[in-house]
Amino acid sequence: MSDNHSNTNEPALHVEEDEKHLLLDHNYDGIHELDHNLPNWWQFTFYGAIVFSVFYFIFYQFLGGPTLREEFQKEYAKIETLQAELKKKSGGFDAELYAKIVADGGVKKGEEVFVANCVACHKEQGIGDIGPNLTDKYWINSKGTPETNYPVVFNGVPENGMPTWAGVISTEEIYQVISYVQTLHNKNLPGKEPQGEPVEEGATTDAPAAEAAEPAAPAAQ
Ligand code: HEC
């Protein structure tokens, strides 16, 4: 660049014949300026912006246009409803729906779902094989209740070999099979050895016999 330095001091000013009258007589370090009219598009944008700002100002200052805070709250409310829906779809257990499905013969249908999809790993009556024994009071991921079993079945525990059932069987079938799993709970059938933590329910006693009474077994059938 320094080679060209001497050249830049003597710029070859090239002005078209018909532009000569536009040449302004100032000179900024060799830069000359032509006095062209501003292009129409530029003026249109400029005056348009001024006109727009008048309406903008009136709308937001006097006609009750939403403030930034209000717009934020509106957007946020939308997000919250979406989140609620998502939660309902995923981990969110809907106790009302569950009760309805149980009352609708859910356990019986759930047994069919279990036989068709779950016995491969949990064996008949859930005594456990690849998957844990569902008839004892030991639980790895859940607490044995419908609401804690639901996310395990819905989302699965893929890293530990429990498949995701959402999208494979319907949500209704998930509720049904869970209601069936509840009836297995605390049957203490011989099968896979206990895994996870013992979960005591109700009057806590360590004597298994005292828990023989069906716990939260849905009163269907
Ligand atoms: C491919 C094998 C496999 C299939 C099929 C399977 N499971 Fe599982 N399941 C597992 C494994 C493995 C675990 C333990 C996951 C862990 O250790 O985190 C498990 C865990 C569970 C648990 C939680 C147990 C606990 O102790 O927390 C429930 C409930 C359950 N399965 C229900 C079902 C139901 C209902 C079905 C059928 C819709 C089913 N499983 C199908 C392998 C399977």
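Analyst: This is a predicted model. Of the 221 residues in the protein chain, 21% count as buried.

User: What makes a residue count as buried?

Analyst: A residue is buried if 20 or more other C-beta atoms lie within 10 Å of its own, and exposed if 12 or fewer do.

User: Why is Pro198 called exposed?

Analyst: Pro198 has 11 C-beta neighbours inside 10 Å. The limit for an exposed residue is 12 or fewer, and therefore Pro198 counts as exposed.

User: Where does Pro198 lie, and with which residues is Pro198 in contact beyond its neighbours within four places in sequence?

Analyst: Pro198 belongs to strand E2, which covers residues 197-198. Apart from those sequence neighbours, Pro198 is in contact with Lys137 and Tyr138. The C-alpha atoms of Pro198 and Tyr138 are separated by 4.2 Å, and the two residues are 60 apart along the chain.

User: How is the chain built along its sequence?

Analyst: The protein chain has 8 helices and 2 strands, and their order reads α-α-α-α-α-α-β-α-α-β.

User: Which residues are closest to the ligand, and which elements give two or more residues to the shell?

Analyst: The ligand is surrounded by 26 residues, of which the closest are Cys118, Cys121, Gly131, Asn160 and Met162. Helices H5 (106-117), H6 (119-122), H7 (146-155) and H8 (171-184) each give two or more residues to this shell.

User: How many residues of each class does the shell around the ligand have?

Analyst: The shell has 17 nonpolar and 9 polar residues, and no charged residues.

Notes: Residues numbered from 1 in each chain as written. Predicted model: local features only at pLDDT ≥ 70, side-chain atom pairs only at ≥ 80, totals over all residues. Contact = placed C-beta atoms within 7 Å. Near = placed C-beta within 6 Å. Nonpolar A, V, L, I, M, F, W, Y, C, P; charged D, E, K, R; others polar.
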